[in-house]
Each structure stands twice: as C-alpha cells, then as structure tokens.
Amino acid sequence: MSTPCPAALRGIALEAARGVAPALAAAFRTPGTAAETKTNHHDLVTVHDRATEEALVAALTTAVPGSTVLGEETGCTGAEGRTGADGPGVVRWIVDPIDGTSNFSHGFAMFSVSVAAEVHGQVVAGVVLSPVDGLEFSADSTGAWLGRIPLPRRPAPAGGERSLNLVTSYPAAEALDREGPSAAERFAHLVQAHATVRRTVSGALELAYVAAGWADVALLVDTNPWDVAAGQLLVARAGGTLVGADDAGPAPDTPAHLARHLLAVGPGRRAPTAAAVLTELTRVRASTGPRGTMAGTGAVPGATGPITDPGRPR
C-alpha cells in the first residue's frame, strides 16, 4: 500500500489515542494506578503504561500495515527494516502511552497520550490527547488543531519576557546529577525573569500548551523522541519557534524531535533568558564530561544571548 498522507496519518493517530483514552480516564485516581520504578525512584511505570502502549501498537500497525513503532515502554516494534518511498516500514510511529506517568500515578491531572507519525525521518503528523479533560491537540502538514478548531494565534502578553508564562520540568534529578547546584541556580533565574514558571513534568502537554497560547515558553531538558515528537510539530504548525541542543551545545541540524534538549517559544514571543539558560547548561555539561562526574560550578546566565533569534523559523 502507498504511504498515507499526513492528514490521514493524523486521523489514524487520533483514532488510536481516542481508543485508549477512556481506560486511562477510568483508571485515573484508582488503586490500580500504583507505580513501579524503572531506572530510579523518579522514573515510574504503571501497568497502564504497558497496556496502553500495546493497544496503540496494535491499532497503529493494523491501520498502516508494515509500519513500525518506537515506544517508551516496548522500544522498537513492527515491521523489520525501513525501505523505499512506499515500502514496508516507511512510517514510524513514535508513541508515549502516558506522558507524565508520575502525575498519573499520583492523581495529578497533567498527563497525556502522545502519538506522532514520522516519514523519512521527519514528523508529519502528531496528536497529544489529554484523557481527563478530553482535549485533543493535533497537527499535520497543513496546520494545528484543538479538536476540530484550528489553533488560534493568541497575541503575546504586553510587557515582554517579564509577562511570559514558562513551563518546564527542569531541573529534574538527572540535571541536578549532571550540573550540581548550578542547575538550581538556573531555575531560580528563570523564576526571577518570568511572570510565572510552572514545573509540570509532562513534555507533550507543555508543548501543546505553547502551541495553544496557554503557555508562552517551554524548556525541555533530557528529552526522548516520544516526549516531544508530537508536541514539537504542534508548536511548529502553530507558528512557534523551536531551538534544539545536545550536551555539546546548539544542534541546529538535528530534527527537533531528536534533540536532547528543546526550547519552544510561542509565536510573537522572545525568550532570551530561557535561551541563555539552555546555552549555559550545555556549556556546563560539555565541560564536565560523562554524567555523574559533575562538580557543578557554572555561573548563573544573564538575560541575554539566545542560541538563535526566537523569531527565526526552524
């Protein structure tokens, strides 16, 4: 079969996410949401993560025969190999069954199902669905939507950066491990520079909120493709700006969904402090070597010096 167009892939992703959302909504705040640890006590998983991913894999690979899936819980599944323009495996789904598992397991309503479709290394469709309130964010090559309504462009708040709402999960335990006390100092600088900073621990929804104009800036550090693949497309199609980096510094040639760190800025906004924080944390990491060897003496960055002009499209 030929490769479905981005709009068709968006529809398939929406149907798959809708199919698993009711079970997650029903399980939320019940005893069955008890979590186990994976790599450490910050990295949680529940029986619902695994069951949801299995259901998504089945729905997506049935809808697009020969497609593959990269999932947080099960890794790579589906067809072996990825061949020519319309051959088996050309579509790769990137799936996070519960983005924000810690929130889900603790009864905090900030989690989502994230599904993205990647074709030839580029994300062409994405869905972020919030099971508790039923919000459906989606995007393809033609635009971004909330439900059936195109996402409107909300004007930037008056007053510049001091009026902006920033969402982030930084600094998580991994960042504190890598950067030491200077990570907390960088977070303090973000708090001082913005009207408010919310640490929400759900990268997909953080990006969706930037796309919708409910947040102005999102700073995501130590991400994985399933955390950001769908959300970064929402931001791009809503007219926002994406700046990627890895531990060595700016990574302008890396697709946004594969960047280790990502700064998302809503349309018409500028985020010099967040960009400077991103620059500084990569500088500190580049100077300290492998994770776990951090001494942690990086200076608090100033409010200037963004990696790129946040108005420049990516």
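Modeller: The largest cavity is lined by Pro152, Arg153, Arg154, Val210, Ala211, Gly213, Ala215, Ala238, Gly266, Pro267 and Arg269. The model is a predicted one, in which local features need pLDDT of at least 70 and side-chain atom pairs count only at pLDDT 80 or more, while totals for chains, interfaces and linings use all residues. Residues are numbered from 1 along each chain as its sequence is written, and side-chain values use heavy atoms, with hydrogens and water left out.

The space in this cavity comes to about 60 Å³, a volume being the space filled by probe spheres set on grid points that are joined across faces, edges and corners. A search of the whole structure finds 1 cavity of 30 Å³ or more. Its lining divides into 6 nonpolar, 2 polar and 3 charged residues, where Ala, Val, Leu, Ile, Met, Phe, Trp, Tyr, Cys and Pro count as nonpolar, Asp, Glu, Lys and Arg as charged, and the others, Gly among them, as polar.

Two of the lining residues, Val210 and Ala211, are among the buried residues of H6. Helix H6 (residues 203-212) has 10 of its 10 residues buried, so it is largely enclosed by the rest of the structure; buried means under 20% relative accessible area, exposed over 50%, and partly exposed in between, with a 1.4 Å probe and protein chains only. Glu206 and Tyr209 are also among the buried residues of H6. Gly213, which is itself part of the cavity lining, follows H6 and has a positive phi, near 85°. Helices (H or I, at least four residues) and strands (E, at least two) are DSSP runs, numbered from the N terminus, and the chain has 8 helices and 16 strands.

For comparison, the second largest pocket holds about 220 Å³ of space and is lined by 12 residues, of which Gln122, Val123, Gln232, Leu233 and Ala236 lie nearest its centre. H7 gives the most to this lining, with 4 residues, and the lining divides into 7 nonpolar, 3 polar and 2 charged. Gln122, in strand E7, is partly exposed, with a relative accessible area of 48%. Leaving aside neighbours within four places in sequence, Gln122 is in contact (heavy atoms within 4.5 Å) with Ala117 and Pro255.

As for confidence, pLDDT is the predictor's own value for each residue, from 0 to 100, and the chain averages 86, with 83% of the residues scoring at least 70. Over residues 40-44 the pLDDT is below 50, and residues 292-314 likewise stay under 50. Where pLDDT is low, the predicted coordinates should not be read in detail.

Terms used. 1 Å grid on protein atoms, 1.4 Å probe; cavity = no way out; pocket = protein on both sides within 12 Å on 5 of 7 lines; lining within 4 Å.
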